[in-house]
Every structure is written in structure tokens, then in C-alpha cells.
Amino acid sequence: YETTYHFRAGSYKGYNRWRNQLAIMAGFASDDDAFQAYGGPFWELIHFSDCQGVIGTEVAKKLANDFAQYEEQAKVIDDYFYDRYADFKRAFELAANNGAVRFG
């Protein structure tokens, strides 16, 4: 890849808390509720393993759109949440252009 972007999503507990906030912002009751769903904003990320794997271009396009659509709502949650949000937004924007996001 010509462009790479690295960031730390947080500790296991911190990332799970962040993902739960993401799910609630997207209209789910919690991330557990999102796990039971079959789609929706950020669903692919919320439902994805938090320790390893790859999200490819097609799903990255959908997630990049979700991140763009909800950005104003994300800004008002708190600085920590928005900093991680901006990291993921950037990663999915890059991956949407024939790239991938690798967790590990």
C-alpha cells in the first residue's frame, strides 16, 4: 500500500467501552443489542472481532460513510471518544480506496 495509518484503539476494556458508546450513538440500546442485529450504522465494526482480522474495501466504504454521517454527533460525546472516532474514520476512508483495515 502507498499509504498506511496506524493507531491504538485502546485497551481491551477501553475499546469495548468505546464500541458500546458507538453502538448507542448509532441508535442501538448497547453493543450487545448491535450484536443481535443484522445491519445498521457501524454494525460491521461493532460485530467484528476486536483482536485480529481484516476489513476489506467494500465494507470499509460502508463504514467510511457511517463515520462521515455521524461525525457531528461523535464530536459532542467526549474527547477520548472522538479521538478514537477520528482514527477509525481516517482508517476506513483510506481503506475505501482499494485498501483494508487490519486489526492485530
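Student: What do the side chains of Asp87 and Arg84 do when they meet?
Tutor: They form a salt bridge, with 3.2 Å from N to O. Keep in mind that this is a predicted model.

Student: Okay, and why can side chains pair up like that at all?
Tutor: Opposite charges can pair when the charged atoms come close.

Student: How far apart are Asp87 and Arg84 along helix 6?
Tutor: They sit three residues apart, so about one helical turn separates them. An α-helix has 3.6 residues a turn, so residues three or four places apart point the same way.

Student: Is Asp87 buried or exposed? And Arg84, buried or exposed?
Tutor: Asp87 is buried, because its relative accessible area of 11% is under the 20% cut-off. Arg84 is buried as well, at 15%.

Student: What other partner does Lys89 have, the one at 3.4 Å?
Tutor: Glu71, whose salt bridge with Lys89 has its closest N and O atoms 3.4 Å apart. This pair links distant parts of the chain: Lys89 belongs to helix 6 and Glu71 to helix 5, 18 residues apart. Lys89 counts as buried at 15% relative accessibility, and Glu71 counts as buried at 16%.

Student: How many salt bridges are there in the whole structure?
Tutor: A search finds seven. There's also a network of salt bridges that links Glu44, Lys62 and Asp66.

Student: New topic: helix 1. How many residues does it have, and how far does it reach?
Tutor: Helix 1 runs over residues 12–25, so count 14 residues. From first C-alpha to last it reaches 20 Å, close to the 20 Å expected at 1.5 Å a residue.

Student: Which of its residues are buried?
Tutor: Gly14, Tyr15, Asn16, Trp18, Arg19, Leu22, Ala23 and Met25. The buried residues of helix 1 pack against several elements, including helix 4 (57–69), helix 6 (79–95) and strand 2 (101–103).

Student: What follows helix 1?
Tutor: Gly27, with a positive phi near 105°. Gly27 lies in the loop between helix 1 and helix 2.

Student: Is Gly27 buried or exposed?
Tutor: Exposed, with a relative accessible area of 64%.

Student: And how far is Gly27 from Pro41?
Tutor: They're 14 residues apart in sequence and 8.2 Å apart in space, C-alpha to C-alpha.

Notes. Residues are numbered from 1 along each chain as its sequence is written. This is a predicted model: local features need pLDDT of at least 70, side-chain atom pairs count only at pLDDT 80 or more; totals for chains, interfaces and linings use all residues. Side-chain values use heavy atoms; hydrogens and water are left out. Helices (H or I, at least four residues) and strands (E, at least two) are DSSP runs, numbered from the N terminus. The expected span of a helix is 1.5 Å times one less than its number of residues. Buried means under 20% relative accessible area, exposed over 50%, partly exposed in between (1.4 Å probe, protein chains only). Contact means heavy atoms within 4.5 Å. A salt bridge is a side-chain nitrogen of Lys or Arg within 4 Å of a carboxyl oxygen of Asp or Glu.
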